[in-house]
Amino acid sequence: MLGGNLVRRWLGALREDLWTARPDPLPPSTWLRWLPHGIVCLAAFGVFIGGLPQLHENGGLGFGFALLISAGQCGAMVLALWRPVPAWWLSMAAMLVGAVAVRAVMVVDGYSFTWPWTAAGIIGHLFVLLLLALRARTRVSAEALSLTVLTTYVVQGLVGAQEYQPTGVVAVVLFAVVVLLGMALRGRREARAELAQQTSLTAEERARRTLLEERSRIARELHDVVAHHMSVISIQAQVAPHLVENPPDELKENLAGIRQNALEALTELRRVLGVLRSEHPDAPEAPGTADTTGTAPHAPQPTLDRLDALVENTRAAGLTVTTEVSGTPRPLPPGVELSAYRIVQEALSNVLRHAPGASARVHLTYLPIGLRVDVFNTRPVRTPPPSQGAGHGLLGMRERVAMLDGHLTAHPLPDGGFQVGAFLPSDGPAHSAHDPAHHAHEDDTP
Amino acid sequence: MTSGPIRVLIADDQQMVRQGFTVLLNTQPDIEVIGQAVDGLDAVARVAELTPDVVLMDIRMPELGGIEATRRITGAMPDIRVLVLTTFDLDEYVYEALRAGASGFLLKDASADQLAEAVRVVAAGDALLAPGITRRLIAEFSRLDDRPRAPLKERVGGLTERETEVLALIAQGLSNAEIAQRLFVAEQTVKTHVGRILVKLGLRDRTQAAVFAYESGLVRPSGY
């Protein structure tokens, strides 16, 4: 019984470990970058080893001279890794010197030498031309190929020799193929690099636009809140004289002044809001999740009073949400309440989008100096669909928090879940203006 | 028109605003605030219970927004006039509220005199409130509005030539007296025409008539 269990568990582990097709790519290594160089050097060594006896024994050249020419061919290949054009000259010179030298000692009915290009010479020159065409401009490659062809023609076709196996045509065909291949690869690589550059440019552009949109939405909301308060002030200033019997003239004048100022402020606010709206006429009043989180366009800017309704709506959308509050709840400045509400709203909508099947927990902590908002979610049950959004969520939260001089953390949890935590000071940025040591984005809340 | 003071209900989610308007309107001898509502649903319920003459309705309220509340109230009780309050902006929501049946709109920071005057005008119903601004608002947003509409041509065709002329003048924001002057007829005659137009087109007041005139294309938003 126990033994059977053990075997089953062992088999299970074995199956888990070995019966799998998990991708496990090789980690990128700096050594790997030198692989092409290694291959070229190895080939160069082969060219040297093969070319030397051919020139010395079959070609009838002296050992020292053959060594020099072989070293030139082999050196040209290695040099082509760094300086392809001089390497091409070197390879051409080695071929020419070799061909002329072999021709001089060539005898009728002797050994039929591969001429003017030796096999080793062709291989070496193929490498040089490929490396050249991969990097140099198309015109340079074409010029190098043309001169190679011309030289071959002059040596074999015009000058000629007595007894040889002609290699000119084969060599020229192979060279042309290699140069075309190199040109094509180079063209493709450049096109791709250009595309990558453009893509990164548009991505940057999009990120910047997203940020600006987010900022102006936040600005719109806050101006909205301010304007609302201003209009209440203007009403109250008007009402106040009616609340006392025979108000003194000074009081009436003073209140009229307050009302006048509020009206002027409202005029300015309308202007600012007009600008903010015309910048993004399509931007919705509430974030894109309005349908699931219950902020109709006709509703006032939300405060934490509306949090229960938000959570209720999120539950209706199929997410298990629990809420906890620590500390003593108290009314906070409207900007803080609005931001806290929006952060919870964004975080919950992120959970809905990116962690299907997870459950979420919202924790508000009222601290003497501000409010801490935490939204946790458990590990998603299913893999989330690929993200489509332009990243408004976390970006918007960050902007809101930075504006209030608070700080935001967002990170995965060890159990596979995710946590978004924000601290919003209740006295706003003015506080830290007096105290430069205390700044946003510092480690943790007290 | 009405005997006794104009009975007003105030619907706004902010207590300061409700109290403020109550105090300001109650200083007027011919206006009496008979109740307050804290959101759209509450407003619909209190209107059914108290049947005020005029409802001051905030557009942005929790639970049920002012536009939907306006639609429900004017749909159920055509005699009740709704005056929409907007915090600080004349936008498409205000136009939406007019389409939903509101008789006019007012900025919340309006002075006490403007407020009282607006209530009187809306209750009497023989002139457009803030004619210039209303006309511009309707003109601007009716142009942007591309929702499908009922076949309007025949309905305009149901009007006599004179009535069509009067409708166009209403849409330009003219009062009965001004229309009478323009057409060289007695004000009473104009009143009769206006009454016929509203009955024939199934509209509740001049504001709706103005919206209709723009939306049916009878009046073109010109010079705007």
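In chain A of this predicted model, 71% of the contacts between residues at least 6 apart in sequence join residues at least 24 apart. Chain A contains 13 helices and 7 strands, and buried residues make up 32% of its 446 residues.

- Chain B has 11 helices and 5 strands, and of its 224 residues 49% count as buried.
- Where contacts in chain B have a separation of 6 or more, residues 24 or more positions apart account for 66% of them.
- The contact of the two chains draws 21 residues from chain A and 22 residues from chain B; on the side of chain B that touches chain A, α1 (15-26) and α3 (66-76) of chain B each supply at least two residues.
- With 5 residues, α1(B) gives the most to the side of chain B that touches chain A, and by class the residues of that side are 10 nonpolar, 7 polar and 5 charged.

**Helix α2 of chain A**

- Helix α2 of chain A, residues 35-58, has 24 residues that at 1.5 Å a residue should span 34 Å, and this agrees with its end C-alpha atoms, which are 34 Å apart.
- The buried residues of α2(A) are A44(A), V47(A), G51(A), L52(A), Q54(A) and L55(A), and what covers them includes α3 (63-80), α4 (84-105) and α5 (119-135) of chain A.
- An α-helix has 3.6 residues a turn, so residues three or four places apart point the same way.
- Just after α2(A), the backbone at G60(A) takes a positive phi of about 80°.

**Packing of α3 with α4 in chain A**

- Two packed helices are described by the angle between their axes and the distance between the axes.
- For α3(A) and α4(A), the axes come within 8 Å and cross at roughly 160°, and because that angle is over 145 degrees, α3(A) is roughly antiparallel to α4(A).
- The crossing of α3(A) and α4(A) is left-handed; on the α3(A) side the contact is made by F65(A), I69(A), G72(A), Q73(A), G75(A), A76(A), L79(A) and A80(A).
- On the α4(A) side, the residues that make this contact are P84(A), P86(A), A87(A), L90(A), S91(A), A93(A), A94(A), V97(A), G98(A) and A101(A).
- Divided by class, the residues of the contact of α3(A) with α4(A) are 13 nonpolar and 5 polar, with no charged residues.

**Packing of α5 with α7 in chain A**

- Helix α7 of chain A, residues 168-239, packs with α5(A) at an angle of about 25°, and the axes of the two helices are 7 Å apart.
- Since angles under 35 degrees count as roughly parallel, α5(A) and α7(A) are therefore roughly parallel to each other, and α5(A) passes α7(A) in a right-handed crossing.
- From α5(A), the contact is made by I122(A), H125(A), L126(A), L129(A), L130(A), A133(A), L134(A) and R135(A), while α7(A) contributes A171(A), L174(A), F175(A), V178(A), V179(A), L181(A), G182(A), M183(A), L185(A) and R186(A).
- The contact of α5(A) with α7(A) has 14 nonpolar, 2 polar and 2 charged residues.

How values were computed. Residues are numbered from 1 along each chain as its sequence is written. Chains are lettered from A and ligands numbered from 1 in the order in which they are written. This is a predicted model: local features need pLDDT of at least 70, side-chain atom pairs count only at pLDDT 80 or more; totals for chains, interfaces and linings use all residues. Helices (H or I, at least four residues) and strands (E, at least two) are DSSP runs, numbered from the N terminus. The expected span of a helix is 1.5 Å times one less than its number of residues. A residue is buried if 20 or more other C-beta atoms lie within 10 Å of its own, exposed if 12 or fewer, and partly exposed in between; C-beta atoms are placed from the backbone. Two residues are in contact if their C-beta atoms, placed from the backbone, lie within 7 Å. Ala, Val, Leu, Ile, Met, Phe, Trp, Tyr, Cys and Pro count as nonpolar, Asp, Glu, Lys and Arg as charged, and the others, Gly among them, as polar. Axes are lines fitted to C-alpha atoms, for helices over the stretch in contact, and angles run from 0 to 180 degrees between N-to-C directions. Angles under 35 degrees count as roughly parallel, over 145 as roughly antiparallel, 65 to 115 as roughly perpendicular and the rest as oblique. A crossing is left-handed if the near helix is turned anticlockwise from the far one by less than a right angle, and right-handed if clockwise.
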